[in-house]
Each structure stands twice: as structure tokens, then as C-alpha cells.
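Dear colleague,

I am passing on the structure we spoke about, and below it you will find notes on what turned up in it. Please read them with the structure open beside you.

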Amino acid sequence: MQSYHEFLSEVLIPEQELQEKIQQLGEEISHDYNGQDLHLVCILRGGVMFLTDLMREITVPHSIDFMAISSYGVGDRQASGHVRLTMDLRDDIQGRNVVLVEDIVDSGNTLASVLGLLATRKPASLKVCTLLDKAERRETEVPLDYVGFVIPNKYVFGYGLDLDEYYRELPFIGVVNEDRYTPPDS
Ligand code: PRP
């Protein structure tokens with residue numbers, strides 16, 4: 001696999017800025033859930049980096065769980081507005097204060113589906129924390145309670161977000177150089 005430098009046109013959010021924002025989000029969540037039960041639910045796979053850094057900034061005791069949704073082609077998913085659950089949560093969320101942790105909200109279709117599903121399981125509360133919000137791409141309105149950065153409509157990768165499953169490990173959010181990068185299904 002080539003180095004990410006091949007495909008990077010610019011660093012959109014450097015590591016330090018990400019970490020400072022995550023610290024702020026952690027403080028906010030710790031304040032809001034002080035003295036309460038808190039259960040973080042991460043949607044795989046992109047949210048993993050964010051979840052693990054965010055956890056270290058949350059000072060109230062909390063538990064975590066994971067779920068995964070289908071990997072339909074992006075176009076298909078956006079066209080249908082539906083997602084399919086491929087890995088369910090391990091624990092019941094009934095009566096719990098759930099915060100969904102996402103790397104990015106784009107069309108909003110994924111989140112809308114997941115929120116709809118989780119709401120049927122009767123959590124005490126259900127909120128959303130996303131690191132990135134590509135607001136101008138929204139097709140389905142979704143409530144976002146904690147947002148790291150509202151970003152422009154650029155093709156981004158790094159810090160959990162992949163390019164063909166690679167480069168999730170990068171500690172910053174970069175913009176893809178679309179002159180150099182060709183998606184495999186195009
Ligand atoms: C990304 C991201 C969100 C979703 C947002 O996941 O993690 O779950 O897309 O897009 P939407 O708002 O248009 O629905 P992706 O399908 O790329 O899977 P991954 O997290 O495994 O990379």
C-alpha cells in the first residue's frame with residue numbers, strides 16, 4: 001500500500017486541534033452526565049479512534065458497546081436511505097442513558113436509521129456525539145447533541161475515516177487529492 005502522502009492534498013484538522021476539541025467534548029459530556037449512568041455506543045468502524053480518545057476525556061464512569069451496519073455501496077445507501085445491521089449491540093440499552101459516537105454525519109441516513117432502531121429499545125435517553133458534521137450534505141435531518149467540527153463538503157480521511165479501508169490510523173483529518181486517488185468501484 002502506498003503512503004498516505006500520495007493521496008493527501010491538505011490537512012484539514014491537525015492532531016492537536018482534534019485532541020483539544022475531544023477534550024472539550026469530554027468535559028461537556030462529563031458535566032452533562034455527572035452522577036448518572038452513561039453508556040457509549042460506537043458505530044463501527046470509523047468511530048473507533050474517536051471513541052477511544054473521547055473515553056479518556058470523560059471523567060464519569062461509563063460503559064461502551066459497538067454496533068456495525070451494512071457496507072452497501074455509498075450510492076446505494078444514500079439512494080435507499082436504509083442501512084442494515086450487521087453486528088448488534090451486546091448489551092440491552094433499556095433504561096440507559098445512551099450516547100451514540102460517530103466519526104462523521106454526512107447524508108444523515110445512517111444515523112437516522114440507527115436512532116430509529118435504538119429508540120425502539122427504550123433507552124432512558126439517546127443522544128448523539130459526532131466528531132465531524134458535513135452539514136451541507138444532509139438529506140435526513142438528525143439531532144446532533146455534541147459536534148466536534150462542521151466541515152465543508154470535501155472528501156476526508158484519517159482519524160478513523162478510511163480510503164479503501166486504509167489510513168484510519170492517521171492522527172489527523174486530511175483531504176483526499178482527487179486528482180491522484182481513484183475509488184476502486186469507479
Ligand atoms: C461512515 C460514517 C457514518 C456514515 C455517515 O461510515 O462512519 O456511519 O458513513 O454517512 P451518512 O450520514 O451519509 O449515512 P462508512 O459507511 O464509511 O463505514 P465505516 O465507518 O466502516 O468506514
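Cys42 counts as buried, at 0% relative accessibility, where buried means under 20% relative accessible area, exposed means over 50% and partly exposed lies in between, with a 1.4 Å probe and protein chains only as cover. Cys129 is likewise buried, with a relative accessible area of 0%. The structure holds 0 disulfides, a disulfide being a pair of cysteine sulfur atoms within 2.5 Å; Cys42 is in none, and the nearest cysteine sulfur, that of Cys129, is 11 Å away.

Please keep in mind that this is a predicted model, in which local features need pLDDT of at least 70 and side-chain atom pairs count only at pLDDT 80 or more, while totals for chains, interfaces and linings use all residues. Residues are numbered from 1 along each chain as its sequence is written, and side-chain values use heavy atoms, with hydrogens and water left out.

A polar side-chain atom of Thr110 lies 2.4 Å from an oxygen atom of the ligand, and the side chains of Glu102 and Ser107 each place an N or O atom 2.6 Å from a ligand oxygen. Taken alone the ligand exposes 490 Å², of which the protein buries 83% (Shrake-Rupley areas with a 1.4 Å probe). Helices (H or I, at least four residues) and strands (E, at least two) are DSSP runs, numbered from the N terminus.

In helix H2 (residues 48–55), the buried residues are Phe50, Leu51, Asp53 and Leu54.

Some backbone details also deserve a look. The peptide bond from Leu44 to Arg45 is cis, with omega near 0°, and Arg45 lies in the loop between S2 and H2. Asp164 counts as partly exposed, at 32% relative accessibility, whereas Tyr167 counts as buried, at 5%.

Definitions and conventions:
A polar contact is a pair of N or O atoms within 3.5 Å; within protein, one must be able to donate a hydrogen and the other to accept it, and residues adjacent in sequence count only if both atoms are side-chain atoms.
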